[in-house]
Amino acid sequence: MPANSSPKTKTKNTRKALSAEGAAIQTAILHYLKYKMGRDLESATPRDWWIATATAVRDRMIERGLETYKAHRQGNVRRVYYLSLEYLIGRLMLNNVINLGLLEPISEALEDVGQSLEKIRAQEEDMGLGNGGLGRLAACYLDSLSTLDLPAVGYGIHYEFGLFRQEFVNGHQVEHPDNWLIYGAPWELVRPEFTQPVRLFGRCEQVFDDQGEFTWRWVETKTILGFPYDIPVVGFGTTTVNILRLWASKATEDFDLRTFNEGGYIEAVREKAYGETISKVLYPNDKTETGKELRLVQQYFFVTCSLRDIIRRHFSNPANGWDNFADKQCIQLNDTHPALAITELLRILIDEEGMAFDRAWGIVTSVFAYTNHTLMPEALERWSVPLFQRVLPRHLLLVYRINDHLMQLCEAKWPGDHEKKRVVSLIDESGAKGVRMANLSVVGSFAVNGVAELHTRLLRANLFPEFDALYPGKFLNVTNGITPRRWLRACNPRLSALITSKLGNQWPRELDQLRKLEQWADDPKFQDEFMAIKRQNKVELCAIIKRDCGVEVSPDALFDVQIKRLHEYKRQHLNLLHILALYRRLVHNPQLDVVPRVFLFAAKAAPGYDLAKAIIKSINAVAVHVNNDPRVNGKLKVVFLPNYRVSLAARIIPAADLSEQISTAGKEASGTGNMKLALNGALTIGTLDGANVEIKEEVGDDNIFIFGHTVEEVQALRVAGYNPWSYYEKDEELRAVLDWLGSDYFVKGESPNLPAMVRASLLDGGDPFMVLADFRAYCDAQTQVDAAYRDSRRWARMAILNTARVGKFSSDRSIRDYAEKIWKLKPVSVQ
């Protein structure tokens, strides 16, 4: 079919001529529709159109990618390699089209053949490569690395199944496989020529030379293969395209024909099944020893494949050697999951390259940098020594060797101070022995960064003070950021168009330009336009809520949103207690004057996290009563949207009025949902935790609702002996809602009573995250929210100023900080 021909439903008089770019992209789409999908215009399904369109877009990315690779190779450039166990990418169609500058050409090309980009892109599955903020941050950073023309490669795992697809059955979370690859992944490029071997298990033996000196040999190992898939990552307003390389595990021998012919059908494919298990699922449940082993193997598998690929790329240039290895690459560890890369590179240098420890360790500690993402000691990764020995016996010996070196440094710094040595040791000897992966990450890296100013201060003062003293200058801060291309330009097109009408089209690359919006913050016309966009986004979200939850909500209500991973420290149950308090007030006085609210939750709980799942059940159980109680009269609605994912977040965030960022002070490293919501004009209610502190500094005290105990006050409460019962006894309303929650009122006839389990965690369980201590201050802050929302002009001004003042939180700024402070990386222009 000719490039600008049209379906029979159109006539020559009504058809608009295509632009040259539109005609070219249409030709490519129709080519793939016919020759890749085997379809014509009459038989093609929306999914066929999506795959054909995505493939045509990918072609243009590949063209730019080849030029990028050529420029990097010819320049023998320094690169950053970003190692992350997860990348929460979501859907790529719209983001890629916007970054390529093809939104208008593709839209017109599809419309010319009776198709809609909006309808087609809805066919795309969210890529099941991540879970929470850690993975979404990694995805944002890849976007910014390409946008800023910085040479980079991301590495991760090509999971066959994502975390899980969440369903609610009688309010309970039920997990189903997230088969995100079921319809294929047209963005991927398969690279079998770069397959890498990975050795596991086995044992170590000593080998002596003629002088009686010995070396270690790792023998009787099991080998699996890492099979690479590349996803191009295109920058916005530039020609740079970097790649994300993901490793799928394969067996060295897929099939034992002899065993099969002898009738051993299961045994014949046992090795294949084991080999493929490693990259089967993101974050397998680690409540069992088998699950723990699989997690450890996953981590070693992906860092080994990645390191061998980095070394291969380095030595592909004959000018390179080990002497300039650290000059040409920096390897960033996104949390402790990739920490085994430190011991693996050391093993390669010593065992395969024959280097002495001092030289090898010098190279290792010049290459790695580590980003810490948690302040909770109990959340720091720790592997039992017996498990480590079974899976990676050679690496355990290297951990001990590194630890010997570390103990020598400690003795020089603090002679005879065994307590200091105990704290910094790579081996935890309190109880069953374990390997401390965070300590290994700190010791093996030349730089360690926190992800918010408060987080970094607490990292140095509370979590790693001994390391801060031992390695002066190693710790620094890089506050997290989000890509405005995804989290405003793509997800909120109406607001983006309004901003562009005032500021021009460069703000997605220069987010600080949003400050200029302040001049319209008090302009009634601009306020009306801004809030009309918010309302239209809410109307669209109302339809999603009705479709997915069967609940009717009003777009004129205040949309109070808490969307994030379900964890006690994030305190979704504090939000629940406030809902119960409002519900109780309305039950006692149905005429009570409150601003109508929709309390909106979206979150997944880890499959093995029983209390988090009990909180989900509790919220859903309360929601059934609130939403159907005539005494409430529609003033409150509670909705828990199932299967939280990037594409759902992109619909919720533009519609949010209030952003719940209510973690216990000192527990959230940074957060990025707070940034996304503020950028889209939601006001924050939150504690002085993580990046909330910096958001407050940027937007101003009058445009945020801060409550609760500070980090110092939380610490003082713990030192004094925190007693949740004292808050229960002195606050009548708190006591009433807790007892109500703990009764069987919301779950009559059900066993176990999960809301009672939540109540018990807050009283008998000691309330580890001080929910009860912050309850009254939280309710008071919510009263302030109610008053502010009644004044529509005031609220509009506050919302506009939130959007205008959060330019600091662009991931472009974060990546510039990394490039300047840590990576020493410079942009490389691609012609």
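Mentor: A residue is called buried at under 20% relative accessible area, exposed at over 50% and partly exposed in between, with a 1.4 Å probe and protein chains only. This is a predicted model, in which local features need pLDDT of at least 70 and side-chain atom pairs count only at pLDDT 80 or more, while totals for chains, interfaces and linings use all residues. Residues are numbered from 1 along each chain as its sequence is written, and side-chain values use heavy atoms, with hydrogens and water left out.

The structure holds 59 salt bridges, a salt bridge being a side-chain nitrogen of Lys or Arg within 4 Å of a carboxyl oxygen of Asp or Glu. One of them joins Lys-280 to Glu-160, with the closest N and O atoms 2.9 Å apart. Because Lys-280 lies in the loop between α9 (270–277) and α10 (289–315), and Glu-160 in the loop between β2 (152–157) and β3 (165–169), this pair ties together parts that are 120 residues apart in sequence. The helices (H or I, at least four residues) and strands (E, at least two) named here are DSSP runs, numbered from the N terminus. Lys-280, at 25% relative accessibility, counts as partly exposed, and Glu-160, at 32%, counts as partly exposed.

A further salt bridge pairs Arg-245 with Asp-309, and here the closest N and O atoms are 2.9 Å apart. Arg-245 belongs to strand β10 (residues 241–251) and Asp-309 to helix α10, so the contact ties together parts that are 64 residues apart in sequence. Both Arg-245 and Asp-309 are buried. These two residues also take part in a network of salt bridges that links them with Arg-191, Asp-230, Arg-312 and Arg-313.

Arg-347 has 3% relative accessibility and counts as buried, while Glu-344 is buried with a relative accessible area of 0%.
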